[in-house]
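Please examine the sequence and the structure shown here.

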There are 2 protein chains.
Amino acid sequence: MAEVDGGFRTLDEQSLIDYISATPAVSSRLGNDLEGISVKEVGDGNLNFVYIVSNSSGGSVVIKQAIPYIRCIGESWPMTKERAYFEALTLREHGRLCTAHVPEVYNFDRNLSLIAMRYVEPPHIILRKGLIAGIEYPLLAEHMSEYMARTLFFTSLLFRSTTEHKREVANYCGNVELCRLTEQVVFSDPYKVSQYNRTSPYLDHDAEIVREDDILKLEVAGLKSMFCERSQALIHGDLHTGSVMVTTESTQVIDPEFAFYGPMGFDIGAFVGNLILAFFSQDGHTDGGKDRIAYKEWILKTIEDTWNLFHKKFICLWNENRDVGEAYLVDVYKKPELLLLVQGKYMKDLFHDSLGFGAAKMIRRIVGVAHVEDFES
Amino acid sequence: MAEVDGGFRTLDEQSLIDYISATPAVSSRLGNDLEGISVKEVGDGNLNFVYIVSNSSGGSVVIKQAIPYIRCIGESWPMTKERAYFEALTLREHGRLCTAHVPEVYNFDRNLSLIAMRYVEPPHIILRKGLIAGIEYPLLAEHMSEYMARTLFFTSLLFRSTTEHKREVANYCGNVELCRLTEQVVFSDPYKVSQYNRTSPYLDHDAEIVREDDILKLEVAGLKSMFCERSQALIHGDLHTGSVMVTTESTQVIDPEFAFYGPMGFDIGAFVGNLILAFFSQDGHTDGGKDRIAYKEWILKTIEDTWNLFHKKFICLWNENRDVGEAYLVDVYKKPELLLLVQGKYMKDLFHDSLGFGAAKMIRRIVGVAHVEDFES
């Protein structure tokens, strides 16, 4: 217990076990059998502590604890542990909307900023690692388009009343510190000289070109203002390939601690942008002379399928749920040609936003603080 | 005392005087002299009760009380009296930012949904009435552009941090019922057959044309979604010519109960759109053969001046307050040609939004529920 703060303490192995014993919603997932329990710290993320807890009879649970600073940087960059509240809330909300692709939350302890949730077990691995290893995931586009279409559609005004919408927007305004982190690392730091950028020495010239490009800065400023001002849907907020765990049959989206009501294109762009980065990094991963031409084609097809399937599923949800949300007049739904016009414009704007945010996310991963393993290795 | 509801009661003349006697912040405005006090109900607005209270020694105060329904329609259309809280909050915030054009709040009683404020004394009249009477207000554009530039600039991310912004946005999300009223009467009802529209019989054909125009509906849908999703600044929310009181020397903006964090163009469009309506209604007001050609030219010039002065003042505030808000990178401000590019795009987008919202407000005043006296008389 390194730290005490209004009931908060950073857990160690023993206090973690004590917490589990005292919490039936969690211990029941281990069959109330804490004999031979094993605790393994696996947090390779940038922000939190993550433990896999398992027992000898095959029960398991993941415990994720937020600490009041950014783990990969240290206590010099404080960050509210309330992010765990927004993560748990979003896991539950997105889980309700898309059960197949979001791990279940067993318990959330706000005092401890601690989430107990399903262990997304092996052979699941982080998608980013799978892409580096050159593994094809034939259902990836299908699953991710399903996840994005359902979570974004059902939390937007296409499905919600403005009353529900404003209530949720107000609540998620509380996640401002995490939003500010995104504002900084995605929309600011890459465009200026920052102590947090890591480009030296190979990318220094590219970083300089980015910093000198006025038209690019103007576009990014527009995207930043959309990110700060537009409450379109409950977005994941950090939907890169490190926030997705996969097998060839299963896709699980994790880590929505950056969630808030923002522009849908930020999620779509993050996912697609990171696939594009994975595509370009493949030439660095050729396995002993074996090139990756076929794999690169699979990535391209996955990008294409992700948008096309997203488009199809999103429109399908919209057609199935006419007259429910308050974005449009009921009359719009009575006239098929007007509905087509409205949907066409909506999807075209969304595609445009997604490309913009995707580009911003790619730039930040190349010249900003948090690089991607794809290019580092 | 017609109604009791958790401390709330609709005041009558006697209970109003009792309230004033018991409230030093108000009675002091009357020199604590309640002898020969006179109370005059003057609420000709659509929503509330408004009283002018004055005494024989020249002291005066306005008392405005919100009731839990829309006054001009009746108890069949309930409307939260919490709107008074948002009105008082906004009068104070806009008043702090633009003291010369916003009447001072002396006291706010949340239980009673009651605002005690400065009496905007004669010869001030409602601008709409002045426009019908054909009175020129040489300082109107100067004052309104000042009010809009200051209230919009200082509550936007051009001046605020995202932390302040999200806190304020969250709070004003509570004014959802008033936002919903706008959504209905501005963005919905005019485009469908509604019991609340009042067009019969002269405008029935025009209303039908509006209802059948798909491209118009598509545009209005885009404006509605911007209204619901975009938290650009603390807007007045109902800035028509009935919310402005004027003399030839003074301009006072009242009634911001629809205030929330929304698109700036909604305020600018409301004001300019209502001036355009006033322009077109002049032909109906010719005074015994005396035409209104010169007056119409003055209205046109006021419209033009309002935007041009707003543009100038807004940019001026922006230049004076570089590096303060978080909408743009500090770097933007270091390069004059980039700053010009950024400001040019911002103002062009804002002009575009203002024209769109202005048109929507004009349409709603012609075919919707709340007409304007300009055309009725």
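**Strands E6 and E7 of chain A**

Strand E7 (residues 114-117) of chain A is joined to E6(A) by 4 bridges, and the two run antiparallel. Strands pair if DSSP finds at least two bridges between them; helices (H or I, at least four residues) and strands (E, at least two) are DSSP runs, numbered from the N terminus. This is a predicted model in which local features need pLDDT of at least 70 and side-chain atom pairs count only at pLDDT 80 or more, while totals for chains, interfaces and linings use all residues; side-chain values use heavy atoms, with hydrogens and water left out. Residues are numbered from 1 along each chain as its sequence is written, and chains are lettered from A and ligands numbered from 1 in the order in which they are written.

- Val105(A) has Met117(A) in E7(A) as its bridge partner.
- The hairpin formed by E6(A) and E7(A) has 4 residues between the strands, and Ser113(A) in the turn has a positive phi of about 50°.
- Strand E6 (residues 105-109) of chain A is largely enclosed by the rest of the structure, because 4 of its 5 residues are buried (under 20% relative accessible area, with exposed over 50% and partly exposed in between; 1.4 Å probe, protein chains only).

**Other strand pairings**

- In chain A, strand E4 (residues 69-70) and strand E5 (residues 74-78) run antiparallel and are joined by 2 bridges.
- Tyr69(A) stands opposite Pro78(A) in E5(A), and a hairpin of 3 residues joins E4(A) to E5(A).
- Chain B contains an open sheet of 3 strands in the order E8-E10-E11, with antiparallel pairing.
- The edge strands of chain B, E8 (125-126) and E11 (251-253), each pair on one side only.
- E8(B) pairs with strand E10 (residues 244-246) of chain B over 2 bridges in the antiparallel sense, and Ile125(B) stands opposite Val246(B) in E10(B).

**Helices of chain A**

- Helix H7 (residues 176-188) of chain A is mostly covered, with 10 of its 13 residues buried; among them are Val176(A), Cys179(A), Glu183(A) and Phe187(A).
- Leu131(A) lies in helix H4 (residues 127-133) of chain A, and Leu131(A) counts as buried because its relative accessibility is 0%.
- The C-alpha atoms of Leu131(A) and Ser76(A) are separated by 33 Å, and these residues are 55 residues apart along the chain.
- Glu208(A) belongs to helix H8 (residues 204-212) of chain A, and Glu208(A) counts as partly exposed because its relative accessibility is 42%.
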